Amino acid sequence: MTTLTAPDKPRVGGVAPVAGLRRPRRYGKALVYLALLAGAVPTLLPFVWLIRSALMQDGQMFVAPPEWIPDPFEWGNFSGALTAQPFGRYLLNTVVIAVVSVLGTVLTCSVAAFSFSRLRWRGRNVVFAVLLSSVMLPYAVTLIPTFVMWQELGALDTILPLTVPSWFAGASGGVFNVFLLRQFFLTIPFELDEAAYIDGASPWRVFWTIVMPLSRPAIIVVTIFTFIGTWNDFLGPLLYLQNEENYTLSLGLASFQSMYITQWGYLMAASAAVIAPIIALFFFLQRYFIEGVTLTGIKN
């Protein structure tokens, strides 16, 4: 009479696996999640404070100890904030400035980056070094000369000072974008350019048909940076815009504050409405944003 015995457990490297080996991995993941949660709490706290303040009355916001749940919910802050000022007009002005600036920045910075990374010409590295050195020049140094220039051109109280610099690579903070795109373009194999040149393609055709389609993550990163910078810009519109019909959203938010009184409920509600498109933009494009920042090369 034979006796059935359980088969031996599979061995890895001559040693039987231990069931408890999975526990350290689970503990490690749990520690990682706890660390991420601990880092997310202070990051999200200002947004939570903004939303709770937008739903409170002015007297309830500064109660000590602070109250986190509005009682009652003041939903009228949103409707009142959006109707107290012509935010529809401000939104249109901001969108126009942002779109024109994004188009100019992406086009000119990508062309400059293509020249610095894919074309060979004498003095290329020297010119690029001089361009990078301009990053060390503080914005305040060029503020007054730039203002005087636009004043002499008669462009004050127009969107020209806020949009035209983006159409010149290297101006309006475009040096970083040129550097970012150049580094990404260098990861693309040069054999693709050589094959296109053998087939009779021009540098402009190589730029549009090979380099740009393969650089979509980096282009999206530049788009996000430029859009956020233009959307949140306050100093530029404050300097160059005088007529309220030309105001942007940032200037519209500042109108809720004065020397003697601040409409905190309206200010918080309007601020929450203004940052909502930025948050939505990041969530929709975060995959491309991460790929572009890490300078990912061609995918197989």
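In the predicted model examined here, R52 lies over the face of W68, at 5.9 Å from the ring centre, where a charge is taken to sit over a ring if NZ of Lys or CZ of Arg is within 6 Å of the ring centre and within 35 degrees of the ring normal. The charged end of R182 is likewise placed over a ring, that of F128, 4.3 Å from its centre. Residues are numbered from 1 along each chain as its sequence is written. Because the model is predicted, local features need pLDDT of at least 70 and side-chain atom pairs count only at pLDDT 80 or more, while totals for chains, interfaces and linings use all residues, and side-chain values use heavy atoms, with hydrogens and water left out.

Between rings of Phe, Tyr and Trp (its six-membered ring), which pair if their centres lie within 6.5 Å and count as stacked with planes under 30 degrees apart, edge-to-face over 60 and tilted for the rest, the count comes to 13 aromatic pairs. One of these joins F87 and Y90 edge-to-face, at 5.7 Å centre to centre and with 70° between the planes. Ring pairs also link F114, W204, F207 and W208 into a cluster.

A search of the whole structure finds one salt bridge, defined as a side-chain nitrogen of Lys or Arg within 4 Å of a carboxyl oxygen of Asp or Glu. This bridge is formed by the side chains of D193 and R118, with 2.9 Å from N to O. D193 is buried, at a relative accessible area of 3%, and R118 is buried too, at 4%, where buried means under 20% relative accessible area, exposed over 50% and partly exposed in between (1.4 Å probe, protein chains only).
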